[in-house]
Amino acid sequence: MLMLLYSTVVFLAREAFRRACLSGSTRRNWTKTFNLLWITVPLGVCWSVFLGWIWLDILEVPDENAVPHYKFGVVAFGLSAVIELLGEPFWVLAQVHLFVRLKVIAESLSIICKCFITVILVVMYPHWGLYIFSLAQLLYTSILVLCYIMYFMKFLGSPEATKKSFPVTQIISVLPNFGQDEEFVNWKEARLTWSFFKQSFLKQVLTEGERYVMTFLNVLNFGDQGVYDIVNNLGSLAARFIFLPIEESFYVYFAKVLERGKDIKFQKQDDISMAAAVLESLLKLVLLIGLTITVFGYAYSHLALDLYGGSMLSLGSGPSLLRCYSLYVLLLAVNGVTECFTFASMSKEEVDRYNFVMLALSFVFLCMSYFLTYWQGSIGFILANCFNMGIRITHSIYYIYRYFAESPYRPLKGLLISPLLFVVYVICGVTTGVSEVFLCCDKGWMARLIHVAVGTLCFIATLTTIFFTGTKLIHFVRTHILSRYTKEARK
């Protein structure tokens with residue numbers, strides 16, 4: 001519940017500003033962009049106060065003996081959201097200029113410190129309860145923001161920044177500027193932010209809808225919610241560490257290459273050709289990653305949960321939940337890239353029209369989550385999410401099809417795989433499924449090791465087939481993804 005509070009505050013306060021300010025050229029009036037981004041901080045404070053009141057006075061509060069220090073946790077997680085928003089101007093500046101290494105180091109260091117302090121406090125002071133996780137969350141956001149601030153304090157004004165003609169020369173330029181005679185913000189960005197804000201509110205419902213249903217309607221008890229959260233956290237690892245960075249990076253790419261809201265015939269054809277080729281390869285990449293997770297996730301969900309949490313997780317509904325989540329990850333992967341392109345190329349008017357679609361979809365999704373949960377238990381949430389992603393993918397695919405209809409480019413071919421690879425996936429799925437039946441998970445450690453060995457061989461066969469049938473994709477990964485990290489490492 002506390003992480004839901006944190007994620008809701010952060011998402012509602014910054015998502016619209018991020019999408020609006022990541023669009024456009026690096027050569028812009030950065031003072032106006034920074035002024036707009038600083039609005040996220042007071043907005044975050046308002047959301048924290050309002051949602052904190054709901055969490056403490058409206059929703060069911062856990063028993064103090066079972067979950068001590070809950071009120072402190074609500075305050076701490078709301079405060080951590082506001083602290084994270086203090087780094088938003090620096091995050092956007094880094095993202096627009098493709099400082100990939102900075103992002104990786106900042107987030108990795110923050111997560112490591114959070115885990116480290118959590119383990120130490122749990123071992124030394126287990127009676128502290130939510131104090132531990134609240135302090136760890138505050139430490140996480142503080143380190144994350146400090147990493148960005150300290151980097152730019154060192155980088156801005158340095159010979160390297162001067163050599164690159166970096167548009168911002170000193171750290172004070174990032175702070176809000178109230179003394180200018182000209183307009184405080186870029187009103188084109190501000191209007192686009194408002195359009196994205198209406199959309200971000202609906203997108204948050206679609207993204208975290210099942211958690212709101214669980215939290216507000218109490219359709220699952222706290223025990224079932226705990227199992228669902230564990231499975232959700234495990235299943236979403238690929239989304240957080242693979243698909244989300246891809247989506248964020250290539251949203252910036254498409255927003256730079258394409259002219260928002262402009263007909264494809266009146267844009268530079270070299271840019272259109274390049275964007276189409278990148279989109280096709282991106283779709284192919286996330287599709288293959290998602291298919292691999294789906295195929296192998298089905299046969300290894302039981303083993304993964306047994307190793308992670310023992311029989312408490314592996315003997316209940318956990319394995320079925322994680323198997324369903326493996327399918328959801330595939331849909332999540334494709335939706336991330338298709339929406340990434342769609343939102344980067346839509347005009348303000350198209351974004352506003354899409355908001356009505358999302359409004360209707362949000363209502364249907366919440367109703368489906370509620371009724372499917374009564375019918376199928378916690379699995380109903382994942383089924384509702386799959387429906388939600390399927391509809392959003394369908395809309396984005398239709399948009400992309402119309403966008404390239406009058407051009408010779410067909411990037412949606414990236415959603416097709418070779419017949420040979422399809423056969424390999426089917427064989428691997430059947431083989432690992434049979435292996436699970438006979439070898440996992442109550443046959444002893446030797447049987448488990450054999451089951452893992454079978455999966456390893458099938459995985460190697462899959463990668464080999466991808467390597468020989470997807471030479472174009474391999475080239476794309478080398479030139480557009482690995483090269484970015486290589487360049488950052490040389491800096």
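What follows is a dialogue about this predicted model, going from the whole chain to single residues.

Q: Let's start with the big picture. How many helices and strands does the secondary structure of the chain come to?

A: Start by counting the elements. Here you get 19 helices and zero strands.

Q: And how do I judge how compact the chain is, going by its radius of gyration?

A: Compare the value with what a rule for globules gives. The radius of gyration is 23 Å, close to the 23 Å from the globule rule for 491 residues, so the chain is as compact as a globular protein of that length. Along the principal axes, the C-alpha atoms fill a box of roughly 75 × 60 × 45 Å.

Q: What share of the residues counts as buried?

A: For this chain of 491 residues, 52% count as buried. The accessible surface comes to about 23,400 Å², and 70% of that belongs to carbon and sulfur atoms.

Q: Which residues touch the most other members of the largest nonpolar core?

A: Look for the members with the most neighbours inside the set. This core has 134 residues, and F152, F250 and F254 touch the most other members. Helix α12 (residues 269-309) supplies the largest share of the core, 16 residues.

Q: Pick F152, then. What is F152 in contact with, beyond its neighbours within four places in sequence?

A: F152 is in contact with F90, L93, A94, F99, L102, F166 and I171. Among the buried residues of α5 are F90, L93 and A94.

Q: So α5 is worth a look. How many of the residues of α5 are buried?

A: Nine of nine, in a helix that runs over residues 88-96. The list takes in E88 and Q95 as well as W91 and V96. After α5 comes L98, with a positive phi near 60°.

Q: Which residues of α17 are buried, and why do they end up on the same side?

A: First the general idea. An α-helix has 3.6 residues a turn, so residues three or four places apart point the same way. In α17 the buried residues are L421, V424, Y425, C428, T432, G433, S435, E436 and L439. They cover an arc of only 160° around the axis, which puts them on the same side of α17.

Q: What do the buried residues of α17 pack against, and which exposed residues are on the face turned away?

A: The buried residues pack against α12, α14 (318-345) and α18 (445-469). The face turned away from them carries the exposed residues P419, F422, V430, V437 and F438.

Q: Now single residues. Is S301 buried or exposed?

A: Check the relative accessibility against the cut-off: under 20% is buried. S301 sits in helix α12 and has 1%, so it counts as buried. Not counting residues up to four places away in sequence, S301 touches P319, L322, R323 and S326.

Q: What about a residue in a loop: where does S347 lie, and is S347 buried or exposed?

A: S347 lies in the loop between α14 and α15 (348-376). S347 is buried, with a relative accessible area of 12%. Leaving aside neighbours within four places in sequence, S347 is in contact with R260 and G261.

Terms used. Residues are numbered from 1 along each chain as its sequence is written. This is a predicted model: local features need pLDDT of at least 70, side-chain atom pairs count only at pLDDT 80 or more; totals for chains, interfaces and linings use all residues. Side-chain values use heavy atoms; hydrogens and water are left out. A nonpolar core is a set of buried Ala, Val, Leu, Ile, Met, Phe, Trp, Tyr and Cys residues joined through side-chain atoms within 4.5 Å. Buried means under 20% relative accessible area, exposed over 50%, partly exposed in between (1.4 Å probe, protein chains only). Helices (H or I, at least four residues) and strands (E, at least two) are DSSP runs, numbered from the N terminus. Contact means heavy atoms within 4.5 Å. The arc is that of the directions from the helix axis to the C-beta atoms. The radius of gyration is taken over C-alpha atoms; the globule rule is 2.2 Å times the number of residues to the power 0.38. Accessible areas come from the Shrake-Rupley method with a 1.4 Å probe; for residues, only the protein chains shown count as cover.
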